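Reader: I would like to learn how to read the local features of a model. Please take them one at a time.

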Amino acid sequence: MRTGRQTVTLSFAGVHRPWATWIAHCLELHGHRVVPQRWDPLPDASIEESLRDLLLAPGPVLLLLSDQYFKLDTHTSQEWDDALREVVAPNARRIAAVTVAPSVLPPAAAASLDAVTLHDVGAEEAERRLLARLDLPFSSPESSRDTRSGPPFPVHTLRVWGRVPERNDRFTGRVPLLNTVYEVLQRESRVTLYGLSGVGKSQLAAEYAYRFASGYHVVWWVHSGNRAAFRQGLAELAPALGLATGAEYGERLRAVWDALRRGRPFTRWLLILDGADEPDEIRDLLPTGTGHVLVTSCSLDWDISPGTLVEVPGYDREESVAFIRRRAPRLTLEDSHQLAEALGDLPLLLDQTAGWLEESGMPVSEYLRELLTDDADRSTPVQVSADFPMTFRTAWTVLLDKFRATSPESVQLLRLCTFFAPDAVSVRLLRGAPAGELPPAMAGLLMDDVRWDRAVERLRKYSVVHVEHPRQDPRNEFLSLHRMVHRTVQLDMSPEEHEECAETARRVLIAFDPGDPSKTSLWQRYAELVPHLEHAELLSHTDPSVQGLVLNCLRYLYLSGEHATGVRFAEQALAAWQGHEDEHSERLWDLRHHYANLLRIMGAFKDSEAVSRAAVEEHRAKGGARDERYLRAVGSLAADLRALGRYEESLHLSEEVCAGYTELGGERAPLTLAAQNNKASSLRLLGRYEEALEIDRWVLGIREEVLGAEHIWTLISDLSRSTDLRLLGRYERALDLQRANTAQHLRLLGKDHPQTLQASYNLAQCLYRLDDHEAAGELFGSVLAKSEQVRGKGYSSTLMFAAAHSCFLREHGDIDRARGLSERLVARYLRLLGADHPFVAGARSNQALILRAVGERNQAHTLAERALTDMTSAVGPDHPWTLGCAVNAAAIRHVTGRVEAAVALSRDTGERAGRVLGKEHPLTRGARRALDADRQALRGEQVPAPEERSRLYWNFEPQTT
């Protein structure tokens, strides 16, 4: 044991400063002096010199070992071994070591340091090990407990780790870049690594994840080459975080966003978005919150604050040489310099080429002669984008020539992989197709385990592909290619080779199609299929089986919430299918139907209407007025018109659809019942609630008889019936029915299903009308929050829930919050629907009531009068919505001193409401009570304050279309 006060020199990698601080505090509490020394050798200094510098100070030297410690320079493992033997062995009494991070891979000679681990034990045991390794006495427990008042023990906090590529043991240099990223992320929440393909952005991001993992609870890698892949990768984080969600990707995504934003269950998280070359595709999906986002991209188009764009150049020459010597130890220093010069210090090329040279034994001089051969002399020159170094083209030409000569199966597999998305090609997908459906040569490769393993191992050995095993599903293997390799290899094919690979990819994907996108249990398979559609050239193919797969994928995209991707894919398919000489018209009509649905749900109602109307006119021209596809097109057009506020036109078309389906299948057929349900929706939007109720009751009775009380369509009819009753003012009966209906939805569909949210919303409205404000308010708030999480803020149902919640807050909550919510709602409806839509007028009427409540009465009057005028123009003077706007306008006329005008409007409103809704409807009774108050004021009589407060105000309620 050492005795007395010691001066301990502490040598640590910069990323482990928390460990250095904790260790220094421990030693100082035991009476020792500590001299911290960040390990940062000069580029031109040998390891021996740097280690000897540590011995210049008196006392023991403690090395804090980790991967980072050994990789803070470009020296090889052999150089480290030599230095440790030369410096440590003679000074073993003075030099001690501890390891402070898992997965340490020190040089072999580091064993002489006899390091003890601190990161896998608690603070007290770590303190004991530390002192014992330095031959220092451990003082009393009382003094050791004092460490708890100092810096925190830097435990390894990682809890979730997902899809990060396997660590590259040959990673070299890049220390300044890693330090820059680390330092910027301490100030900012996001950093983008940008540069040309092949410069090592992804490798740098992966190395950052491994080096700094101990600072995070969650590290998650997301392939971000397209929106669908990004959504899939981010949604898969939900179960890893233990979030309680259903199978729907939209629901999982929003749960992840919320968890990351709140920092629950983990505050420290790192998301790595790899290959995000199209920022506009994913910008709106980026999480925010308590963690960090690291992006790799070829694009500078990231609108983030200055200093958060970090350029990744090629290696500097010393890094290139060091990397080559690790990759190909047989190459001399001179060989390495020549190869680095010839390949432009591009890491991707250095990795693949050095691997080839090490394996083949080819002299560097011979390789360089081939590399410099004129491209024009080659029969299949590789072509790459103009902004990429010419060396890539020539180097890849040489490498592919070698593969063709020595491993044709590897070339065959490599070519096939280029017809799938490069980031993650599922092996179970590739090898899942029946052999009889594949070209013979490809079937032999995919079905023969020996040939498959040999081909994969060959490509992996030369870093052409990487093999990944997701931690959450280690049995599911993926192959990934660098995007530059992916593009280059596909261009290096003859037309015959191209067609064989494309046909194989098509057969593989068709075989993987589970055939029913409506089942959420199958969505994971569709999520694996969708990213490959473009690469396999399926969208432009007109084979019927391929078209069937495309239609299923479009249906999945619609149901899962991938609407923007669905629109893009549908437009590509339309361009190809419409121009084909054999149009397969039935499938083309199916495609247009899916396209219209996607446009409609995206809020592009006019575009959707144009597609639906074109389909209707084409069918009519062909004489298909009683054809099912014609009726489906008419039904789609009716839905578009409902969304656009053209309710009379929609009703007319709905009646035509009902008559057509009745003629084809009878009045009890499923399609007829669905058409009747849509007709009732049109009637409800027109304010014809009694007629809607009559249809909904009839449809409900048949569905209960034919489908059973628990079928999803039966539940919809039951919900529609209670909604009609509520709108008719029959609140007690509506509440009784809706309680039971909501309970069934919760039991059968779960609390997060969009239809369950609709049922809960109607229940809240019933409770509110019967003055159970506490229960109603809780439901209004929870339904809106859940809908924003499951569906998003811009969907029609979410906007409807937001309108109701704003109205509730106006009367029973936070008026400022109600105002903000209402203002955003008006802006969204204006942007989505246009100024002439009745929803805009109704939302403005609600907004006028808020302005009245906060004392801005003149502004409230102006807005209320505008809402009344616009609503009258949109739906007519007798529509219940117009009558409601009139009730509000009359009330605001009254409080602004325009009493005579209030009397006139209240009188007219009461008379119209009596004719339209009946004398006992709540709106009619409220209008009569308002008229009495207005007359009293006109006669100069004082209206009692309680009477004024009890005056009815009408809340506009957007309805589903």
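Reader: Where is the place of Pro 265?

Author: This is a predicted model, in which local features need pLDDT of at least 70, side-chain atom pairs count only at pLDDT 80 or more, and totals for chains, interfaces and linings use all residues. Residues are numbered from 1 along each chain as its sequence is written, and side-chain values use heavy atoms, with hydrogens and water left out. Pro 265 is in the loop between helix H11 (249-262) and strand E9 (269-274). Helices (H or I, at least four residues) and strands (E, at least two) are DSSP runs, numbered from the N terminus.

Reader: What kind of peptide bond joins Arg 264 and Pro 265?

Author: Most peptide bonds are trans, and most residues other than glycine have a negative phi. Arg 264 and Pro 265 are joined by a cis bond, with omega about 10°.

Reader: Is Asp 771 buried or exposed?

Author: Buried means under 20% relative accessible area, exposed over 50%, partly exposed in between (1.4 Å probe, protein chains only). Asp 771 has 56%, so it is exposed. Glu 537, at 27%, is partly exposed. Of the 961 residues of the protein chain, 57% count as buried.

Reader: How many aromatic pairs does the structure hold?

Author: Rings of Phe, Tyr and Trp (its six-membered ring) pair if their centres lie within 6.5 Å; planes under 30 degrees apart are stacked, over 60 edge-to-face, the rest tilted. The structure holds 21 such pairs. Take Tyr 768 and Phe 808: their ring centres are 5.8 Å apart and their planes lie at 65°, so the pair is edge-to-face. Tyr 768 is in helix H35 (residues 754-769) and Phe 808 in helix H37 (residues 796-812), so the pair ties together parts 40 residues apart in sequence. Both Tyr 768 and Phe 808 are buried.

Reader: Which residues do ring pairs link into a cluster?

Author: The cluster links Tyr 647, Tyr 829, Phe 839, Trp 881, Trp 954 and Phe 956.

Reader: Which ring face does Arg 525 lie over?

Author: A charge sits over a ring if NZ of Lys or CZ of Arg is within 6 Å of the ring centre and within 35 degrees of the ring normal. Arg 525 lies over the face of Phe 512, at 4.0 Å from the ring centre. Arg 852 lies over Tyr 953, at 4.5 Å from the ring centre.

Reader: At what angle do helix H20 and helix H21 pack?

Author: Two packed helices are described by the angle between their axes and the distance between the axes. Axes are lines fitted to C-alpha atoms, for helices over the stretch in contact, and angles run from 0 to 180 degrees between N-to-C directions. Helix H20 (residues 440-447) and helix H21 (residues 449-461) pack at about 85°, with axes 5 Å apart. H20 is therefore roughly perpendicular to H21. Angles under 35 degrees count as roughly parallel, over 145 as roughly antiparallel, 65 to 115 as roughly perpendicular and the rest as oblique.
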